[in-house]
Amino acid sequence: MHATTVAVDLAKSVFQLAVADSSWRVIENHRLTRTQFERWFANRNVSLVIMEACGSAHHWARWLNSLGIEVRLLPAAYIRAYVRRNKTDAADARALLEAARAADIDPVRVKSVEQQALQGLHRIRSLWMSTRTSRINALRGFCREFGLSIPQGARTGVEAISRVLADPRSPVPALIREPMRLLIEEIRLLEQRIAQLEREFTELARHSAACTQLMSVPGIGLLTATAMVAATGGDVTHFKDARHFASWFGLTPKEYSSGSTRKLGRISKRGDRYLRMLLTHGARAVLRAAALARNASRPLDGLRAWATEVQQRTNHNKAACALANKLARICYAVLRDHTAYGNPQPRPNKKFERTAFAIAA
């Protein structure tokens, strides 16, 4: 059987396939196990496989690419509109065929093993950080119940709680002292693991030209640079321009317009939540540094001066979001031109080239 296109609704153990011919008409439906799915493509001449960009999709896309089959990953959020009537695995597979024909749905790039491994390291660090924060908050709550006020700050708070537990005259009952010491030991262990991960990030960034270039941008540190390289692979050529790159992080406003009335709301918060958080924190750091420099009567560069003007015109949070948007666009230019921030490469004047070509013709 020579099929043209196959839509696959992925799952952990059951895979639903919709086989279409060159006219996009469904000619076969299959429900296969994992082993059957791996064997199914051996005797088929498939030119295109369509899948949702969901869990395990990048793994199967890499495997199919190794067989010489083109794979197109579509954003899962856009597929639901093409499901007719009831939602079933077969309906989802058919919806993938319909969505693949829409020219305005951009496919997701297949991530490499290295990209997914680096993203996994960031997720592990986030889990350890949230666990550490929950343990510290629990210790603070226990101390508060016994009339003790712990100062703010993670490191300062843990040190203060350790001194309280070491003091035999403190009001903390002996019954809970040992479990609280175990929580502090767990916090110390988590901090050691987080520090080890950050050392691995540092080593990776040292051997990555894209990370080095990104870290030259104000507000872009080790975590943001490595996370952005993990998400994009250091290549942004598939984005139309810098504005589309910023909207990919959800840093552009929602729009609700009709006729001549145009309404812009809050940022959409779509896309990668983790990277958007890192960019926003980086923008807050830039605003803080600009405020300290202004108070010390030191000159500000163009980026910090612009951010300060936005902050004075609106408020701190809006200025942070606007600056995060600008930082994302600067990162796009850095990755596009393969150069550090502050050393822009000359861009070709396309309008001039078209005019010169017309004159020469």
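Student: What makes the contact between R181 and E178 a salt bridge?

Tutor: The closest N and O atoms of R181 and E178 are 3.4 Å apart. A salt bridge needs a side-chain nitrogen of Lys or Arg within 4 Å of a carboxyl oxygen of Asp or Glu, so the R181–E178 pair qualifies. Before we go on: this is a predicted model, in which local features need pLDDT of at least 70 and side-chain atom pairs count only at pLDDT 80 or more, while totals for chains, interfaces and linings use all residues. Residues are numbered from 1 along each chain as its sequence is written, and side-chain values use heavy atoms, with hydrogens and water left out.

Student: How far apart are R181 and E178 along helix α6?

Tutor: They are 3 residues apart in α6 (residues 174–206), about one helical turn. An α-helix has 3.6 residues a turn, so residues three or four places apart point the same way. Helices here are DSSP runs of H or I with at least four residues, strands are runs of E with at least two, and both are numbered from the N terminus.

Student: Why is R181 called partly exposed?

Tutor: Buried means under 20% relative accessible area, exposed means over 50%, and partly exposed is in between (1.4 Å probe, protein chains only). R181 has 33% and E178 has 43%, so both count as partly exposed.

Student: Which parts of the chain does the salt bridge between R31 and D89 tie together?

Tutor: The side chains of R31 and D89 meet at 3.1 Å, N to O. R31 lies in strand β3 (residues 26–33) and D89 in helix α3 (residues 89–100), so the pair links parts that are 58 residues apart in sequence. R31 is exposed at 52%, whereas D89 is partly exposed at 29%.

Student: Is D337 buried or exposed?

Tutor: D337 is buried, because its relative accessibility is 16%. Its salt-bridge partner R336, at 2.9 Å from N to O, is partly exposed at 32%.

Student: What makes H122 a buried residue?

Tutor: Its relative accessible area is 1%, so H122 falls under the buried cut-off. H122 sits in helix α4 (residues 113–145). Contact means heavy atoms within 4.5 Å, and, leaving aside neighbours within four places in sequence, H122 touches F201, L223, T226, A227 and Y274.

Student: Why are β4 and β5 called paired?

Tutor: Two strands pair if DSSP finds at least two bridges between them. Strand β4 (residues 48–52) and strand β5 (residues 70–74) have 5 bridges, in the parallel sense, so they pass. M51 stands opposite L73 in β5. The chain crosses from β4 through helix α2 (residues 57–66) to β5, and this β-α-β crossover is right-handed: with the strands pointing away from the viewer, the path from the first strand over the helix to the second runs clockwise.
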